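Okay, thanks for coming, everyone. I'd like to walk you through one structure today, so let me put it up on the screen.

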Amino acid sequence: MPEDSETGADRQAAPVGDVEARPLPRWVIPAGILGIAAVAVGVGRLSSPAVSALFLSAIAILSVVGFLFRTVQNVAAPPIDDEPEELAPTQAEDAKRAALRALRDLEYEKGIGNVSPADYAKLLEKYRAEAKRTMRVVDEERKEARLRAEKLVAQEIAAFLPKADEPEEEVGTEPDEPEEDENVVITCPKCSTKNDADAVFCKKCGHDLAKKEASA
Amino acid sequence: MTAMAMTLTTLSSWLAPAGQPLEPIDVIEDRFAGLRSLPAFGTAGLYAVMVVAGLAFCLSIWATKRPRYLDAARSAAYATCALIVFDLLLLAYAFLSHDYRLRYVARYSDRSMSVGYLLTALWGGQDGSLLWWLFLLSANTAACVLWMKGKYKELQPYIIATLMTIMIFFVIIMGFSANPFSESIAGARVDGEGLNPLLQDFYMIIHPPSLYTGFVGCSVPFAFGIAALATGRLGEEWIYAVRRWMLFAWIFLSIGNTLGMAWAYTELGWGGHWAWDPVENAAFMPWLSASAFVHSIMIQERWRMLKVWNIVLLSVTFFMTIWGTFLTRSGMISSVHAFAQSNIGVYFIYFLVTIATVTTALTVYRLPELKNVSEEGKPTEMYRAEVGKALIRVLAMFTVVLCVIRWQTPKMAPVGALAFVTVIGLIVFGANRLAHYFPNQKRGAIEALLSREAAFVANNWILLAMQAFIAITTAFPLISESITGEKITVGPAFYNAWMVPLGLSLFALMGVGPLLGWRKTSDSALRKAFFAPGITMFAVVAMHFAIGKKIGFPAIVESDPIYSGALGSILAKASSVFPVVATGLAAFNVAVIIQEYSKAVLARMRTHRDENGLTAVWALVAKSRRRYGGYIVHLGIVAMFLGFTGGAYKVDQEFSLSKGDVVEYHGYQITYLGPRRVNDDPAKMEIYVDLAVKKGNTELRTMTPARFVYRRQQMPTSEVDIHVGPFEDLYIAPGSVNPETKTATIHVFVNPLEVWIWLGALILVFGAAVSTWPEAALQEVGIGAYLRTAGATAASLVLGVALAITPARANAQQSGTSSLHAGTVEMKSPEERRLFNQLRCLCGGCDRLPLSACVCDWAKEARQEMSSRLAAGESVDRLIDDYVAKHGTDAKVVPPNTGFLKSIWLVPSVLIVVGAVSAVFVVRRWTSGARNVEPKPPRAGEPGKPLPKDEYDDKLDKELRDLDDRSL
C-alpha cells in the first residue's frame with residue numbers, strides 16, 4: 001500500500017493494511033481459478049495426475065496462508081467507525097409484508113376462481129385494513145428516525161448555504177474560509193466518504209483525492 | 001473453452017482403465033523420497049484445521065459484540081475451508097502416487113485401478129469419507145460465507161460459529177479416531193488391497209457424494225436457524241435466506257436416495273430397489289422433515305405462525321443427518337452398508353446430545369419472541385406460561401411412551417392406563433386452558449378449516465408421522481435389546497406392511513392440498529375444484545377393476561399377513577388394495593395438477609390478451625416459480641408412486657438351462673445361447689451368459705447377465721442385465737455357470753412400471769430446480785449478476801442431474817465376507833415364499849437378508865429342510881415357530897407381535913394419533929375466532945359501505961405493485 005506511507009496525517013486516518021484499498025478487477029478471481037485449473041490439467045497430461053494433485057494442494061496451502069494473513073490484517077486494523085447495524089425487521093414490518101402477501105394471494109385465488117366474489121370483497125376489505133394498519137404502525141415506528149434524518153439533512157444543507165445573518169464574520173479577509181475549514185468536506189468520488197478539505201487521500205478507500213482536485 | 005475441452009479429455013483419459021504394469025520396488029522407494037513426510041504433513045493438516053476452525057469460531061464469537069472483527073472471522077473461515085481442501089488434495093495425491101505407507105490408501109486401492117476409481121476410493125472407506133464429508137461442508141461453508149458478504153451482518157457471526165463447530169466436531173473424530181493419514185504399522189506395502197468390487201460401480205461412485213451433499217446442505221440452514229435464535233431476529237428474514245439453501249439440500253437428498261435405489265436395483269441382484277435397510281432409512285428421514293419444512297415455512301411467511309415448529313423441523317432435519325451418519329458409521333445396527341465398525345460412535349452421541357441440548361435451550365430461551373409476545377404485552381407471565389406449556393408437552397410425550405411400553409407388562413397395566421388417561425387429559429385441558437388465559441396464538445387468523453394452511457398442517461403431520469415411525473422402528477432393535485435383552489430384526493416385510501397406509505395418506509393429501517386456496521375456499525369453488533379430479537379418479541378406478549386383470553394389472557393383489565390375527569389381516573387388506581388405491585390417487589393427483597395449471601393459464605390469458613397458451617405457461621411459471629415448480633415436483637412423486645405400485649405385480653422364477661434350452665416366461669421367450677468367457681480386464685475374469693430374448697414375435701436383444709471373478713479378492717460377483725421398457729423391465733440375474741457342462745441357472749424377474757420410478761425422480765429434480773431458480777430479474781440486477789446467480793444454480797443442478805442420468809454398466813456387487821449372490825434362490829410355491837420372506841438367514845455374512853433372498857449355502861440348506869417339511873404337510877406357522885425356537889427371536893424378519901414387542905408399532909401409532917389430535921387443535925384454534933367473530937371494520941362506518949379512502953390506500957397500492965412475486 002504505497003499510499004499509506006505518503007503523509008503522516010493520512011496514516012492515522014487510513015486503515016492500515018486495508019486489503020480492499022484497491023479492489024481487484026472482477027475478472028481476476030475467475031481468471032485465476034481457470035488459469036490454475038489449466039495448469040493443473042497441463043501438468044496432469046505432461047507428467048501424471050498425482051503431480052497435478054500435488055500442485056493443487058500447494059495452491060491450497062498458499063491460499064490458506066493468504067487467508068490467515070488477511071485474518072491477522074483484519075484483526076490488527078485500527079478501529080474504524082463500525083458501520084451502522086442492520087436493524088432487524090420489526091414485528092410490524094413482518095406483519096405488513098404478511099398482509100401484503102395476503103392481498104396478493106387473494107388476487108391470485110380470485111383470478112383462478114377459488115374465492116367467490118362475496119368472500120373476495122369481505123376478505124379484501126379485511127386485509128386492506130390490516131395492511132394499512134400495519135403500514136401506519138411501521139410509519140409510527142420510523143417516525144423518530146425519519147425526524148432525525150430530516151434534521152441531519154437540514155443541517156447539511158444549512159452548512160452549504162451562505163449565511164446572511166452573520167455580519168461580524170464578514171470583517172475578516174476571506175469570509176467563508178473558517179467555515180470551510182470546519183465544515184466543508186471533500187466527498188470521495190469513489191466511496192463517497194467525507195474527507196477533510198485538505199485530505200490528499202480518502203481516509204476510507206485511499207483514493208487519490210489530490211489528483212482529482214488538481215484536475216477539477 | 002480450450003481449458004474445458006482439455007479438462008474433459010484429461011478426465012476421460014483418467015477414467016479409462018489403467019492396467020499399467022507394476023513399477024519395480026526401487027522406483028516406488030524413489031518416488032517416496034520426495035514426500036517422506038506426507039503422512040505427518042496430512043495429520044498436521046488435520047490438527048491445523050482444528051486450530052484454524054477454533055480461531056474462526058473465537059473470532060466470530062468476538063464479532064458478535066464488535067462487528068469490526070467480522071471480516072477477520074470471515075477470512076479465518078475461508079482459511080479453514082482452504083485447509084480442508086488442502087488435506088483432501090494431499091490424500092488424493094497419496095492415492096494417485098500409490099503411497100501405501102498410509103493404511104487407508106493400502107486398504108482401499110491397488111495399482112491396477114484407474115484414476116477415476118482411485119479418486120472414488122477417497123470416500124470408499126470410513127476415514128476418507130469423513131474427510132470427504134468435511135470437504136463438502138467446507139465447500140458449502142465457503143459458498144455461504146461468500147454469499148453473505150455485506151448481508152445478514154448480525155446473523156453472520158453466529159452462522160460462522162455454528163458451521164465451525166460442526167467442522168471441529170468432524171475433524172476431532174478424524175484426528176483422534178479415524179485419521180486417513182495414519183501409517184500402517186507394518187510399513188509400506190508393494191501393492192494395496194484394492195477397492196471392494198462392490199464399490200467399483202458407477203452408482204456407487206456418485207451415490208454417496210450426492211447424498212452427502214444433501215446431508216451437508218442441511219448445515220447452512222441449521223446455522224441460520226441457530227443464528228436467528230441466538231440474535232432473536234426470528235422474523236421472516238432468516239426464513240427468506242434459508243429457503244433456497246434448504247431446497248438445494250432437498251434436491252440432493254432426493255437425487256442421493258434415488259441413486260441409492262438405482263444402485264440396489266442394478267447391483268444387488270434381488271430385483272428390488274428399496275429394502276428398508278437402516279442406512280436407507282437414515283437417508284430417507286432427513287428428506288421427510290426437509291419436505292415438511294419447505295411446506296411449513298410458507299405458513300410462517302404468510303401468518304408469522306409456526307415459528308417454533310419451523311425451528312424444530314430444521315433442527316430435526318439436521319439432527320437426522322448426523323444421526324444418519326452415526327448409524328452408517330458406527331455399525332450399531334447391522335445393515336448391508338455395515339462399514340468398518342469402530343469406536344467413533346461415542347463422539348457422535350456426544351455431538352447429537354449437544355445439538356439437541358443447544359437447540360432446545362435456545363428455543364426455550366426465545367419462546368417469548370417466537371410467540372410474538374411483545375406485541376401482546378405481559379412478557380414475563382407469558383414466558384412462564386409458554387415454558388410451562390412446553391414442559392407439559394414434553395413430559396406428556398415421555399409419559400405416553402412410557403405408558404405404552406409399561407402397558408405390556410400385566411402388573412403395571414392399570415397404572416399405565418391411568419397415567420395414560422391423565423396425560424391425555426393434561427394435554428387436552430391443561431395446555432389449552434393456559435392458552436385461553438394467555439391468548440397469544442393468532443386466534444382467528446384463518447378464515448376456514450378448508451384452506452391451504454390446514455392442508456399444510458396435515459402434510460406436516462403425515463410427513464412427521466412417517467419420520468417418527470421409521471425413526472422408532474429403525475432404532476427399536478437397540479431399544480428392545482437394552483430393555484429386554486431380546487434381539488430382534490425389523491425387516492422389509494414389516495415396513496412394507498406398515499408404510500402402505502401412511503404412504504397412501506401422504507399421496508391423498510398431496511392431491512387435496514393444491515385444491516384448497518389460501519385462507520378460504522368458497523364452497524362452490526371447492527365443489528368445482530374437486531369435480532374433475534374426482535371424476536377422473538373414479539373413472540380410472542372403475543377402469544382398473546374392469547380391464548386391469550386382462551392386461552396383467554389386477555386391481556387387488558392379495559398379500560400375506562405379517563401377523564396372525566386381526567391386525568395382520570387388516571394390514572394385509574391395506575396392502576392388497578394398494579394397487580387400486582394408488583392408481584386412483586395417481587389419477588386424482590395428475591388431474592389436480594393439470595387443472596391447477598390450466599386454471600391459472602386461462603386466468604392469465606384473460607388478463608394478458610397478447611399471450612398464447614405456451615407463453616402464458618412460461619410467464620406463469622417464471623412469475624411464481626415456487627408454486628408451479630412445486631406442482632412439477634408433485635408430478636414426479638406421482639410417477640414414482642406408479643413405479644412403486646408396479647412392485648405389487650412383480651413376478652420372478654428361477655430356471656436351470658443347458659445350452660440351446662428355450663424357456664417361456666410371462667410372454668418372453670428366452671433362449672440360452674451358451675456361456676462366453678472374456679479375459680480383457682487384468683483385474684477380473686468375466687463369464688457372460690448369453691440369452692436371446694424374444695417378446696411375442698419381436699426379437700428384443702441378446703441379454704448378457706454375467707459372473708465376474710475378481711482375481712485379487714477371489715470374489716465372484718454377478719452382474720444383472722436389465723431390459724428396460726415403459727411397462728415392465730425384464731431383469732435377469734445370473735446364478736451359477738458350470739464351465740464344463742455349460743449349464744447355467746438364471747433368475748428372471750419381471751418388474752412392471754419400474755422405469756417410472758427413475759422418470760419420476762428426474763421430473764422431481766426438474767421441478768425442484770424450477771423452484772430453486774433465482775428470482776432475480778435480468779432487468780433489475782444487470783447481466784453480470786444475473787449470469788452469476790443463474791450460472792451457479794445451473795452448474796450445481798446440471799452436475800447433479802448429469803450424474804444421475806448418465807447410463808453406466810454395473811460392475812460388481814459382492815461384499816467381501818459373505819457369499820452373497822453367489823447362487824440363486826429356489827422357491828416353488830406361494831407358501832414357501834411366504835415362509836422364506838419371514839425368516840432371516842443366519843449365515844453371519846449377509847446381515848439382514850431374508851431366506852427368500854440370500855443365496856448362501858446355509859440358506860440353501862435351511863430352505864431345503866423346510867421345503868421337505870412343508871411338503872410333508874406341516875404348516876407355515878409351525879415351521880416359523882420352530883425356526884424361531886431354534887435360532888432366537890431375531891431370526892424372524894418381522895418382530896413377533898407379543899408383549900413388549902408390540903410397542904414397536906404401538907408407540908409410533910400413539911404418537912401419530914396424538915400428532916393428528918394436536919394438528920386438529922392447532923387448525924381449530926386458528927380458525928375458531930374467525931368463524932365466531934365477524935371481523936370488525938377498524939373504523940366506525942356503515943356496514944357494507946366501503947371504508948373512506950385515505951393516503952394509505954395509494955401507498956398500499958404502490959407497495960402491492962412493488963411486491964415481487966417471489967413470495968407466492
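This is a predicted model: local features need pLDDT of at least 70, side-chain atom pairs count only at pLDDT 80 or more; totals for chains, interfaces and linings use all residues.

Residues are numbered from 1 along each chain as its sequence is written, chains are lettered from A and ligands numbered from 1 in the order in which they are written, and side-chain values use heavy atoms, leaving out hydrogens and water.

Now, chain B. You're looking at 32 helices and 10 strands; those are DSSP runs numbered from the N terminus, helices being H or I with at least four residues, strands E with at least two. Of its 968 residues, 57% count as buried, where buried is under 20% relative accessible area, exposed is over 50%, and partly exposed is in between, using a 1.4 Å probe and protein chains only.

Back to that crossing. Helix 19 (residues 452-484) and helix 20 (residues 492-512) of chain B pack at about 170°, axes 9 Å apart. Axes here are lines fitted to C-alpha atoms, for helices over the stretch in contact, and angles run from 0 to 180 degrees between N-to-C directions. So helix 19 of chain B is roughly antiparallel to helix 20 of chain B, a label for angles over 145 degrees. Their crossing is left-handed. Among the residues that meet there are B:Phe469 and B:Ile470 from helix 19 and B:Trp498 and B:Leu502 from helix 20, contact being heavy atoms within 4.5 Å.

Next, B:Thr258: buried or exposed? Buried, at 12% relative accessible area. B:Thr258 sits in helix 11 (residues 237-267) of chain B, and its side chain reaches the backbone oxygen of B:Ser254 at 2.6 Å. Leaving aside neighbours within four places in sequence, B:Thr258 contacts B:Met640, B:Trp758 and B:Ala761.

Last stop is B:Gly915, in helix 31 (residues 903-932) of chain B. B:Gly915 counts as partly exposed, at 23% relative accessibility. And how many residues along the chain separate B:Gly915 from B:Leu464? The answer is 451, yet their C-alpha atoms are 8.8 Å apart.

Notes:
A polar contact is a pair of N or O atoms within 3.5 Å; within protein, one must be able to donate a hydrogen and the other to accept it, and residues adjacent in sequence count only if both atoms are side-chain atoms. Angles under 35 degrees count as roughly parallel, over 145 as roughly antiparallel, 65 to 115 as roughly perpendicular and the rest as oblique. A crossing is left-handed if the near helix is turned anticlockwise from the far one by less than a right angle, and right-handed if clockwise.
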